[in-house]
Amino acid sequence: MSETKTPPRVLVVEDEAEIAALIAYQLTREGYRVETALTGAAALDALHRDLPDLLVLDRMLPEISGDDVLKALREDPATQAVPVLILTAKKDRADRIQGLELGADDYLTKPFSPRELVLRVDAILRRAKGELRATTGGGRILRAGPLRMDVGAHVVAFDGEEVQLTPTEFRLLQTLMERRGRTQSRRQLLTEAWDVDSMAASRVQTRTVDMHVRRLRGKLGAAGEWIETVRGFGYRFQHPVG
Ligand code: CA
């Protein structure tokens, strides 16, 4: 189950009423809010009325098939981002792959255990949330007074003014801010910000770190002073107000 405060809404599309009820029961028990639709038409209706966080979609539906629902959903900008778990009775691998090609996020072959279904739903929603974070940049924010780093969006701002950093400078600042108050050796910084292992780090000139820290300080202006030199050891990020 994801950590959102309002429980995610799942729309279950399945023409066999008993299976639909079973899925709804299981998901509700796990804390999801569930709506069911017995036909493709009802599903498209429900989708446009109130966008769910996830769709559980049976492929074999009379009239409008699950595949057609999926196609329609992926073509419509209003619904195209909704994650879809398809249910398929077809054991044939080619069929299942076809479902994924149509834009499903995962599939489950009937008969399935309700527990398995819940695990898949959990996993898809967790993944969807991670991706959303990466694209909107609504991710982790590191702050030190007027200095603000949006880790997901790769944006640093001081007093609301964006500071242009190279990727290495960004990672260097991120490492220092994440470990604020703790001295980081040049070697630790090389491992983190340059993404080199400790073997390689011992060969890279530690002067490289000094050079980048100097540049980073210059770009940060007043906030540059918060990167302190710890003589004989390395650097430490320290914000006067914490
Ligand atoms: Ca069916």
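Val230 stands opposite Gly234 in S12. That pairing belongs to a predicted model, in which the protein chain holds nine helices and 12 strands. The chain has 242 residues, and 42% of them count as buried.

**Whole chain**
- The accessible surface of the protein chain comes to about 13,100 Å². Carbon and sulfur atoms account for 50% of that surface.
- Take the contacts between residues at least 6 apart in sequence: 54% of them join residues at least 24 apart.

**The three-strand sheet**
- This open sheet has the strand order S10-S12-S11, and its pairing is antiparallel.
- Strand S10 (184–185) and strand S11 (227–230) stand at the edges. Each has a single partner strand, so one side of each is left without a neighbour in the sheet.
- S11 and strand S12 (residues 234–237) run antiparallel and are joined by four bridges.
- Helix H9 (residues 206–220) lies across S11 and S12. H9 runs at about 150° to S11.

**The five-strand sheet**
- A second open sheet has the order S2-S1-S3-S4-S5, with parallel pairing.
- S2 and strand S5 (106–109) are the edge strands. Each has a single partner strand, so one side of each lacks a neighbour in the sheet.
- On average, neighbouring strands of this sheet are turned by 20° against each other, direction ignored.
- S1 pairs with S2 in the parallel sense over five bridges. In S2, Thr36 is the bridge partner of Val12.
- S1 also pairs with S3 in the parallel sense, over four bridges. Here Val10 stands opposite Leu54 in S3.
- Helix H3 lies across S3 and S4, running at about 150° to S3.

**Strand S1: covered on both faces**
- Five of the five residues of S1 are buried.
- In a regular strand the side chains alternate between the two faces of the sheet.
- On one side of S1 are Arg9, Leu11 and Val13, and on the other are Val10 and Val12.

**Leu85 in strand S4**
- Leu85 is found in strand S4 (residues 84–88). Its relative accessibility is 0%, so Leu85 counts as buried.
- Leaving out residues up to four places away in sequence, Leu85 touches Leu55, Val56, Leu57, Asp106, Tyr107, Leu108, Leu117, Arg120, Val121 and Ile124.
- Leu85 and Val121 are 36 residues apart in sequence. Their C-alpha atoms are 7.3 Å apart in space.

- Gly40, Ala43, Ala46 and Leu47 are the buried residues of helix H2 (residues 40–49).
- Seen down the axis of H2, these buried residues fall within an arc of 120°, so they line one face of the helix.
- An α-helix has 3.6 residues a turn, so residues three or four places apart point the same way.
- Asp45 and Arg49 are exposed, on the other side of H2.
- The buried residues of H2 pack against strand S1 (9–13), strand S2 (33–37), strand S3 (54–58) and helix H3 (66–75).

**The calcium site**
- The protein donors of the calcium ion are Asp15 (OD), Asp58 (OD) and Met60 (O). They lie 2.1 to 2.4 Å from the ion.
- Along the chain, the donors follow the spacing D-x42-D-x1-M.
- Asp15 lies in the loop between S1 and helix H1 (17–29), and Met60 lies in the loop between S3 and H3. The pair therefore ties together parts that are 45 residues apart in sequence.
- Asp15 has a relative accessibility of 29%, so Asp15 counts as partly exposed.
- Met60 is also partly exposed, with a relative accessible area of 47%.

Technical notes:
Residues numbered from 1 in each chain as written. Predicted model: local features only at pLDDT ≥ 70, side-chain atom pairs only at ≥ 80, totals over all residues. Heavy atoms only, no water. Buried < 20%, exposed > 50% of the residue type's maximum accessible area, 1.4 Å probe, protein only. Helix = DSSP H or I, 4+ residues; strand = E, 2+ residues; numbered from the N terminus. Arc of directions from axis to C-beta. Contact = heavy atoms within 4.5 Å. Donors = N, O, S within 2.8 Å, 3.2 Å for Na, K, Ca; no water. Pairing = 2+ DSSP bridges. Axes fitted to C-alpha atoms, helices over the stretch in contact; angles between N-to-C directions. Areas by Shrake-Rupley, 256 points an atom, 1.4 Å probe, with all protein chains shown as cover.
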